[in-house]
Amino acid sequence: MTRSSAPRGTRDIVDLDVRAFRRLEERAGERFAAYGYEEIRTPSFENADLFSRAVGDTTDIVEKEMYLFEDRGGRPLALRPEGTAGVVRAYLEHGWDQTCPTKKLWYGGPMFRAERPQAGRYREFWQIGGECFGNPSPQADAETLLLVRDILATAGLTNGVRFLVNSIGCSVCRPVYRDVLKNYLEARKSDLCENCVRRIDRNPLRALDCKGDGPRLDDAPLMADHLCEACRLHRDEAYSLLQSVSFPFEEAPRLVRGLDYYTRTVFEVTAPSQGSQDSIGAGGRYDGLVKLLGGPETPAVGFALGIDRVARALQAQGFTPPAVPKIFVAQAGIGTTPVAFTLAQKLRTFVEGGRMPPVEMGASTKSLKAQFRAADSWGADWLVLVGEEELKKGNVVLKDLRRHAQEEIPLAQVADRLFNRVSVEPKL
Ligand code: HAM
């Protein structure tokens, strides 16, 4: 029989990845709370038109990468390619625009894009993100960047992380710049790749971040030189707030984003050792999106971190979370099963250093040898053997599997002895 494998571009998250994911998710949850964010969990699929309206009809995500399907009633649905659209939908659906216009929401979960898979680029990937509604001030832009850095730092990622920031203007100044850029691109049409030629009319800004053409367009006009007065003031204030806290950002005048909803501040966070997929997170302001999705004029700013990529960056920096010592309870002989069963259950209620050490039990149907093998393959550090002979004296054998030492001790003292000796490592 052929065995099934995970669909192309998807994978199981296991071992170190799981621990790195968990570390990031736990730390992010704590940091979000400190910045006044509440958690929200939105559906992993939405009505398909939500994304075409929010992310933009001419973006790669909507044009080529959405997983589209119909439910049994023929309703067009899409697996979410990103989290912002769903959170904005929820913000409006719950009436928070009326009852609580300034609201901060954070989320985490899998996103789906039918991209060409490669290292660090998956068709199902995980994001953790935050959206802050109702604050038009550049303060919110600066605070968002501080929060991103704070999350990464508390998860242990600081080395070589870069914050690239730009302003892409608003509905007043961007159309003017767009025309200037379009004229520039028209004049170079014969040098451009097929994609960028197509983009001239539909989405000319994307030519600037095309891997092939972008670097060659080094004399292209820049948004920075075409910002309106209000956008310039907004950008300057955001930058000076960041400078006032010595935030190490870099101005990236050619940075544009692959989603249409952004206005003014946009940013990308990169980490080394990620190859071509070095963007570990991104975000920006999107003052027009709530209105576009049927709500009132509501400023907003947010970001998402790619958990898969942050986990990779953590591991590239030598992240090896301390393992929690594991305890295996084995049994041998008549009358030992209930004693071993009760003991394992008792040990499972102990909390040491904020964690419960994992406790596993040998199966009563297995020989002692087979139970030892099971303990070994499970990676046990300690083994408590409940044996018929020792039990007659009220004792068990405590084996230190790492140091290959053992001693007979009273059953009643197992928990005390283990937890005096097992130094349980702190949280991941
Ligand atoms: P995005 O730039 O499309 O923005 O994605 C954010 C992050 O998700 C990227 O920086 C990357 O780390 C990760 N990511 C994206 N695609 C993949 C993939 N195929 N495989 C692995 N990781 C990936 C957004 O999604 C916006 N919703 C962010 C935002 C929130 N802006 C405002 N609020």
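## Close-up views of a pocket and a ligand site

**View 1. Residue classes in the lining of the second largest pocket.** In this predicted model, the lining of the second largest pocket is made up of twelve nonpolar, seven polar and ten charged residues. The space within this pocket comes to about 660 Å³. Of the 29 residues that line the second largest pocket, those closest to its centre are Arg174, Asp260, Tyr261, Tyr262 and Thr263.

**View 2. Helices and the lining of the second largest pocket.** Two or more lining residues come from each of the elements α2 (48-54), α7 (174-187) and α10 (289-292). Among the contributors to this lining, α7 gives the most, with three residues.

**View 3. The shell around the ligand.** The ligand is surrounded by 26 residues, of which Glu82, Glu115, Arg257, Tyr262 and Ser279 are the closest. By class, the residues of this shell divide into eleven nonpolar, eight polar and seven charged. At least two residues of the shell are supplied by each of β6 (124-133), β10 (279-285) and β11 (300-306), and the element that gives the most is β10, with five residues.

View 4. A polar backbone atom of Ile280 is 3.3 Å from an oxygen atom of the ligand, and a backbone N or O atom of Gly306 lies 3.4 Å from an oxygen atom of the ligand. A nitrogen atom of the ligand, in turn, has a polar side-chain atom of Arg309 at 3.4 Å. The ligand taken alone exposes 660 Å², and the protein buries 96% of that area.

Methods. Residues are numbered from 1 along each chain as its sequence is written. This is a predicted model: local features need pLDDT of at least 70, side-chain atom pairs count only at pLDDT 80 or more; totals for chains, interfaces and linings use all residues. Side-chain values use heavy atoms; hydrogens and water are left out. On a 1 Å grid over the protein atoms alone, a cavity is a set of points where a 1.4 Å probe fits but cannot get out, and a pocket is an open set with protein on both sides within 12 Å along at least five of seven lines; lining residues have an atom within 4 Å of a point. Grid points are joined across faces, edges and corners, and a volume is the space filled by probe spheres set on the points. Helices (H or I, at least four residues) and strands (E, at least two) are DSSP runs, numbered from the N terminus. Ala, Val, Leu, Ile, Met, Phe, Trp, Tyr, Cys and Pro count as nonpolar, Asp, Glu, Lys and Arg as charged, and the others, Gly among them, as polar. A residue is near a molecule or strand if one of its heavy atoms lies within 4 Å of it. A polar contact is a pair of N or O atoms within 3.5 Å; within protein, one must be able to donate a hydrogen and the other to accept it, and residues adjacent in sequence count only if both atoms are side-chain atoms. Accessible areas come from the Shrake-Rupley method with a 1.4 Å probe; for residues, only the protein chains shown count as cover.
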